[in-house]
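Dear colleague,

Please find below the structure that I am handing over to you.

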Amino acid sequence: MSSIVVITGANRGVGLALAEHYQQEGWNVIGVCRQTSDELDRVAVNVIEDIDVTQDDDIARLSAALAGHTIDLLINNAGLLRDDVLGDIEIDSLRQQMEINAYAPLRVSEALLPLMKKGSKIANITSRMGSLADNDSGGRYGYRASKAALNAFGKSLAIDLKPRGIAVAQLHPGYVKTRMVNFGGHISPQEAATGIAACITALNLENSGGFWHSNGEQLPW
């Protein structure tokens with residue numbers, strides 16, 4: 001029986017590349033998104049769309065749609081980047097990034113935990129910009145703060161879920177050529193997906209809770 005991976009934000013970018021990677025590896029891919037794409041429809045065994053991961057009703061609908069499945073891997077990938085500049089910061093922008101980048105992965109993980117088993121894994125797609133020690137350029141207030149919060153949530157999840165046999169990782173994909181950065185990155189989504197998948201394969205209960213670059217480098221908090 002094929003393993004099941006659930007990926008949020010799976011319709012494009014890194015999420016789609018991960019869906020394609022796992023489909024090629026023989027997994028059953030379940031894509032979660034607000035609006036599907038032809039590319040996702042081609043690789044997913046099931047697409048659950050019209051899901052806003054910040055809304056309780058949508059998360060409840062997602063849980064109901066997945067009832068009866070056993071999730072081997074949950075990849076919390078949906079994210080939002082805004083370029084908040086000092087002197088022109090909008091609190092609503094910070095709040096929205098926190099809702100999507102930090103609160104939503106925690107909410108989705110908690111909601112889907114009943115469908116996970118010993119040996120299941122959770123991968124939170126975070127960012128190096130969530131590192132406090134690595135911040136040498138400032139700016140991006142909402143994105144940095146929300147990814148730092150996601151890292152904190154993921155670390156606590158790893159501790160709380162270890163007795164259940166579920167490992168958790170925070171993974172930075174790299175600077176990827178996606179719409180989020182106007183396609184100005186250094187690596188392709190496919191390269192990022194390959195690295196992320198390798199980190200997930202290496203994830204276990206002993207190293208659960210860590211913060212890694214997709215190239216395998218451990219990142220500072």
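R107 and E99 form a salt bridge, with their closest N and O atoms 3.7 Å apart. Please note that the model is a predicted one. Of this pair, R107 is partly exposed, at 22% relative accessible area, and E99 is likewise partly exposed, at 26%.

In total, nine salt bridges were counted. One of them joins R128 to D134, where the closest N and O atoms are 3.0 Å apart. R128 has a relative accessibility of 27% and counts as partly exposed; D134, with 28%, is also partly exposed.

D58 is buried, because its relative accessible area of 16% is under the 20% cut-off. R61, at 37%, is partly exposed.

Helix α4 deserves a separate paragraph. It comprises residues 91-112, 22 residues in number, and spans 30 Å from its first C-alpha to its last, close to the expected 32 Å. Where does α4 have a kink? The kink, of about 45°, is at Y103, shortly before the proline P105. The buried residues of α4 include M98, I100, A104, P105 and V108. Among the elements that cover the buried residues of α4 are α3, β4, β5 and α5.

Yours sincerely

Definitions and conventions: Residues are numbered from 1 along each chain as its sequence is written. This is a predicted model: local features need pLDDT of at least 70, side-chain atom pairs count only at pLDDT 80 or more; totals for chains, interfaces and linings use all residues. Side-chain values use heavy atoms; hydrogens and water are left out. Helices (H or I, at least four residues) and strands (E, at least two) are DSSP runs, numbered from the N terminus. The expected span of a helix is 1.5 Å times one less than its number of residues. The bend at a residue is the angle between axes fitted to the seven residues ending there and the seven starting there. Buried means under 20% relative accessible area, exposed over 50%, partly exposed in between (1.4 Å probe, protein chains only). Contact means heavy atoms within 4.5 Å. A salt bridge is a side-chain nitrogen of Lys or Arg within 4 Å of a carboxyl oxygen of Asp or Glu.
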